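Here is a brisk report on one structure. Look over the sequence and the model first, then read on.

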Amino acid sequence: MNQRGRTPITGIDKPEERLAALGLTLPAVPAPIGNYEIGSIDGTRLYLSGQGPILEDGTLATGKVGKDVDVEEATFRARRTGLVLIAAMKEMLGSLDRVVHVRRVFGMVNAVPEFTEHPAVINGCSDLFCDVFGRRGRHARAAVGMSSLPGNITVEIEAIVSFSSERKPIR
């Protein structure tokens, strides 16, 4: 295990095999609730719409960090949100093997005004991307606090991903 309590995955290159090694299953991507798509493609860039934390039972995790939810639970919820984003990548690209690099993550934390650990919360998603994509999962990032988020979800995260236009595995 490393300093964050995560076990690094070595010797596995394919993202879906890494997900399996982590014991993770991708959730269904929720249908948009407005006039937008789960993502938009421009050339070899995939712009993913913001997603929230879907728990194992299919419900959205709600609550304000610093009031209803502690940092550890919020970090777990950011990781769950990362799984939704990965599911959206797979849905839009057909295969996670096409992901060349996660370029940018924008994480929003529904928090009380006094809360200051937004980066620690969004690390849940960032760490997941590195666990699943290896070095290709490291990205530029912003982690900010919000006074509220839709449906009182704990976090909302969006991402920008570059991908291969070819439908063959990236090494």
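## Strand pairing

Strand β2 (residues 45-51) pairs with β5 in the antiparallel sense, over five bridges. Pairing here needs at least two DSSP bridges between two strands. Strands (E, at least two residues) and helices (H or I, at least four) are DSSP runs, numbered from the N terminus.

Strand β5 covers residues 155-163, and seven of its nine residues are buried, so it is largely enclosed by the rest of the structure. Buried means under 20% relative accessible area (1.4 Å probe, protein chains only).

## Helix packing

Helix α2 (residues 71-93) packs on helix α3 (residues 118-133) at an angle of about 45°, with axes 7 Å apart. Axes are lines fitted to C-alpha atoms over the stretch in contact, and angles run from 0 to 180 degrees between N-to-C directions. The two helices are therefore oblique to each other.

Contact means heavy atoms within 4.5 Å.

## Model and confidence

This is a predicted model; local features need pLDDT of at least 70, side-chain atom pairs count only at pLDDT 80 or more, and totals for chains, interfaces and linings use all residues. Residues are numbered from 1 along each chain as its sequence is written, and side-chain values use heavy atoms, without hydrogens and water.

The chain has a mean pLDDT (the predictor's confidence in each residue, from 0 to 100) of 92, and 91% of its residues reach 70 or more. Over residues 1-5 the pLDDT is below 50, and this stretch has six contacts in the model beyond near neighbours in sequence.

Note on methods
Buried < 20%, exposed > 50% of the residue type's maximum accessible area, 1.4 Å probe, protein only. Parallel < 35°, antiparallel > 145°, perpendicular 65-115°, else oblique.
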